[in-house]
Amino acid sequence: MLTDTDKEFLSLTATVTAGYQLFFFLIAAVFQFDKLTDFAGSTNFVIIALLTLVKKGSWHLRQVVLTAMIVIWSTRLALYLFFRILRWGEDKRYDRMRHNVGNLAVFFIFQGLWVWTVTLPVTVVNASDKDPSIQAEDIIGWIMWFLGTIVEILADKDKFSFKNSPESKGKWCEIGLWKYSRHPNYFGDILLTWGYFVASLPIIEGAEWLVLIGPVFLTLLLLFKSGDKKFGNVEAYRVYKKRTSALIPLPRSIYGNLPYWFKAVFLFEFPIYNRYLNRNRTKLG
């Protein structure tokens, strides 16, 4: 069963997250202003991590490290996304939401769920009185987080450089890590999120395994939000897709020669990604 402290911390983080997202939703809805939308999600992580650490006040090494991991990652992400939206002026992802309160509300609900579920490991660890010695799971989780963060940073850097190039118009990113994965940023995010979970294993027991919801939710969200709608009918993109891994960065010389069943079973190349590829094909001009 969950301890009383677990329940208190989970209720607190849910309430704070709901209130924080509601505040920014009202700003976006009333003022038609979406420059703070991503910022609201990223900074919410910082608030939850620091709030639970300070409230408990135990300051165990595991709590401090896990909190620092959340804060470092989310602060970097918040600054990057804020700088990006200032540079670009607007984010086309929000075009369908900007004038539709219903769609905007759904976005903020999912953003709140993303924050609350992904921070479950740090919430439960920071709420705990247990302080076992550092174990293999801690080290493995920390390494997963570090590698995932590096991958995400490099992927964001490559994509940002590509988007700011005049030659990128009408093309897909195929530089840096994007030569080896169609979604290296997603891979980094998934890897570091599972790192939070693995690093919490020495603490969690019984009903506290609910923290598994975090990495599972994030993984499913990223895997099944992907598609090839924009370039799905471009022949050159179809070649790129066939040779380039959907998620896990791999050399094209290896991935391109693997049978489809192997890609689908072990490398997340799901049939759903082909839903836009059966339309009229065009050549890239």
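1. Gly 148 sits in helix H6, which covers residues 136-163. This is a predicted model. With a relative accessible area of 0%, Gly 148 is buried. Beyond the residues up to four places away in sequence, Gly 148 touches Gly 188, Leu 191 and Leu 192. Phe 217 is 69 residues from Gly 148 in sequence, and the two C-alpha atoms are 17 Å apart in space.

2. How is H1 placed against H4? The two axes come within 9 Å and cross at roughly 150 degrees. Angles over 145 degrees count as roughly antiparallel, and H1 and H4 are therefore roughly antiparallel to each other. The crossing of H1 past H4 is right-handed. On the H1 side the contact is made by Leu 10, Thr 13, Ala 14, Thr 17, Gln 21, Phe 24, Phe 25, Ala 28 and Ala 29. On the H4 side it is made by Val 101, Leu 104, Ala 105, Phe 108, Gln 111, Gly 112, Val 115 and Trp 116. Sorted by class, the contact of H1 with H4 has 12 nonpolar and 5 polar residues, with no charged residues.

3. H1 (residues 4-31) also packs with H5, at an angle of about 140 degrees and with the axes 9 Å apart. That angle makes H1 oblique to H5. Here too the crossing is right-handed. H1 contributes Thr 5, Asp 6, Phe 9, Leu 10 and Thr 13 to the contact, and H5 contributes Leu 120, Thr 123, Val 124, Asn 126 and Ala 127. By class, the contact of H1 with H5 has 5 nonpolar, 4 polar and 1 charged residues. Leu 10 and Thr 13 of H1 are listed both in the contact with H4 and in the contact with H5.

4. Val 125 belongs to helix H5, residues 120-127. Val 125 counts as buried, at 2% relative accessibility. Not counting residues up to four places away in sequence, Val 125 touches Arg 62, Gln 63, Leu 66, Ser 200 and Ile 203. Val 125 and Leu 53 are 72 residues apart in sequence, while their C-alpha atoms are 9.0 Å apart in space.

5. Is Glu 208 buried or exposed? Its relative accessibility is 3%, so Glu 208 counts as buried. Glu 208 is found in the loop between helix H7 (184-200) and helix H8 (213-223). Leaving aside neighbours within four places in sequence, Glu 208 is in contact with Leu 2, Asp 6, Val 124, Lys 130 and Ile 203. Of these, Asp 6 and Val 124 also take part in the contact of H1 with H5, and Ile 203 is also touched by Val 125.

6. The whole structure holds 21 aromatic pairs. In one of them, Phe 45 and Trp 73, the ring centres are 4.9 Å apart and the planes stand at 80 degrees, so the pair is edge-to-face. Phe 45 is in helix H2 (residues 37-56) and Trp 73 in helix H3 (residues 61-88), so this pair ties together parts that are 28 residues apart in sequence. Phe 45 counts as buried at 0% relative accessibility, and Trp 73 counts as buried at 1%.

7. Phe 45 also pairs with Trp 114: the ring centres are 4.8 Å apart and the planes are at 75 degrees, so this pair too is edge-to-face. Trp 114 lies in helix H4 (residues 101-118) and Phe 45 in helix H2, so the pair ties together parts that are 69 residues apart in sequence. Both Phe 45 and Trp 114 are buried. Phe 45, Trp 73, Trp 114 and Tyr 196 form one aromatic cluster.

8. Two backbone angles deserve a look. Most residues other than glycine have a negative phi. Trp 59, which is not a glycine, has a positive phi near 60 degrees. Trp 59 lies in the loop between H2 and H3, and with a relative accessible area of 49% it is partly exposed. Phe 268 also has a positive phi, of about 65 degrees, although it is not a glycine. Phe 268 lies in the segment after helix H11 (260-266) and counts as partly exposed at 27% relative accessibility.

Definitions and conventions
Residues are numbered from 1 along each chain as its sequence is written. This is a predicted model: local features need pLDDT of at least 70, side-chain atom pairs count only at pLDDT 80 or more; totals for chains, interfaces and linings use all residues. Side-chain values use heavy atoms; hydrogens and water are left out. Helices (H or I, at least four residues) and strands (E, at least two) are DSSP runs, numbered from the N terminus. Buried means under 20% relative accessible area, exposed over 50%, partly exposed in between (1.4 Å probe, protein chains only). Contact means heavy atoms within 4.5 Å. Axes are lines fitted to C-alpha atoms, for helices over the stretch in contact, and angles run from 0 to 180 degrees between N-to-C directions. Angles under 35 degrees count as roughly parallel, over 145 as roughly antiparallel, 65 to 115 as roughly perpendicular and the rest as oblique. A crossing is left-handed if the near helix is turned anticlockwise from the far one by less than a right angle, and right-handed if clockwise. Ala, Val, Leu, Ile, Met, Phe, Trp, Tyr, Cys and Pro count as nonpolar, Asp, Glu, Lys and Arg as charged, and the others, Gly among them, as polar. Rings of Phe, Tyr and Trp (its six-membered ring) pair if their centres lie within 6.5 Å; planes under 30 degrees apart count as stacked, over 60 as edge-to-face and the rest as tilted.
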